[in-house]
Amino acid sequence: MKVYKPEWQCTFSVNEGAEESANWKERVAWRLRAMADRLDGVGRTLKINCNVTPQVSREEVDTCLGKGFEVTQQLLTQLAHQQACEDVMRDAKANLYEERSSL
């Protein structure tokens, strides 16, 4: 009887700048991205490297990335809500947040 063993691999990395080992082309590309960020004045440039074996379609990768960014947006919204609540509490009950000097 033949035993079948599925094999797969996925590597995923996100970079915000050139790595120390980057060649001159990568360094120039990151300088251009940084310049574009400054010109836009908003946003943030990220480079996503995703290698999946066996190969999946570009559309499937894009769908996964979109869903991941939706989760990221939900988490950031939750963090902003928590921070807003804490800011209100610090204002309303400042005495609860006063630093106590150590004895």
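Guide: A salt bridge is a side-chain nitrogen of Lys or Arg within 4 Å of a carboxyl oxygen of Asp or Glu. By that criterion the structure holds three salt bridges. This is a predicted model, in which local features need pLDDT of at least 70, side-chain atom pairs count only at pLDDT 80 or more, and totals for chains, interfaces and linings use all residues. Residues are numbered from 1 along each chain as its sequence is written, and side-chain values use heavy atoms, with hydrogens and water left out.

One of the salt bridges joins the side chains of Arg44 and Glu16, at 2.6 Å from N to O. Arg44 lies in the loop between H1 and S2, and Glu16 in the loop between strand S1 (9-15) and H1, so the pair ties together parts that are 28 residues apart in sequence. Helices (H or I, at least four residues) and strands (E, at least two) are DSSP runs, numbered from the N terminus. Both Arg44 and Glu16 are exposed; the classes are buried for under 20% relative accessible area, exposed for over 50%, and partly exposed in between, with a 1.4 Å probe and protein chains only.

Thr45 belongs to the loop between helix H1 (24-40) and strand S2 (47-53). With a relative accessible area of 22%, Thr45 is partly exposed. Setting aside neighbours within four places in sequence, Thr45 is in contact (heavy atoms within 4.5 Å) with Asn15, Glu16, Trp30, Arg33 and Asp37.

Helix H2 (residues 58-92) carries the pair Arg58 and Asp62, whose closest N and O atoms are 3.8 Å apart in a salt bridge. These two residues are four apart in helix H2 and therefore separated by about one helical turn. Arg58 is exposed, with a relative accessible area of 64%, whereas Asp62 is partly exposed at 39%. Glu86 forms a salt bridge with Arg90, the closest N and O atoms being 3.0 Å apart. Glu86 and Arg90 are likewise four residues apart in helix H2, which means a separation of about one helical turn. Glu86 counts as partly exposed at 30% relative accessibility, and Arg90 is partly exposed at 38%.

Phe69 is also found in helix H2 and is partly exposed, with a relative accessible area of 45%.

The cysteines complete the account. A disulfide is a pair of cysteine sulfur atoms within 2.5 Å, and the structure holds zero disulfides. Cys10 is in no disulfide, the nearest cysteine sulfur being that of Cys50, 4.6 Å away. Seen from Cys50, the closest cysteine sulfur is that of Cys10, and the 4.6 Å between them is too far for a bond. Cys50 counts as partly exposed, at 30% relative accessibility.
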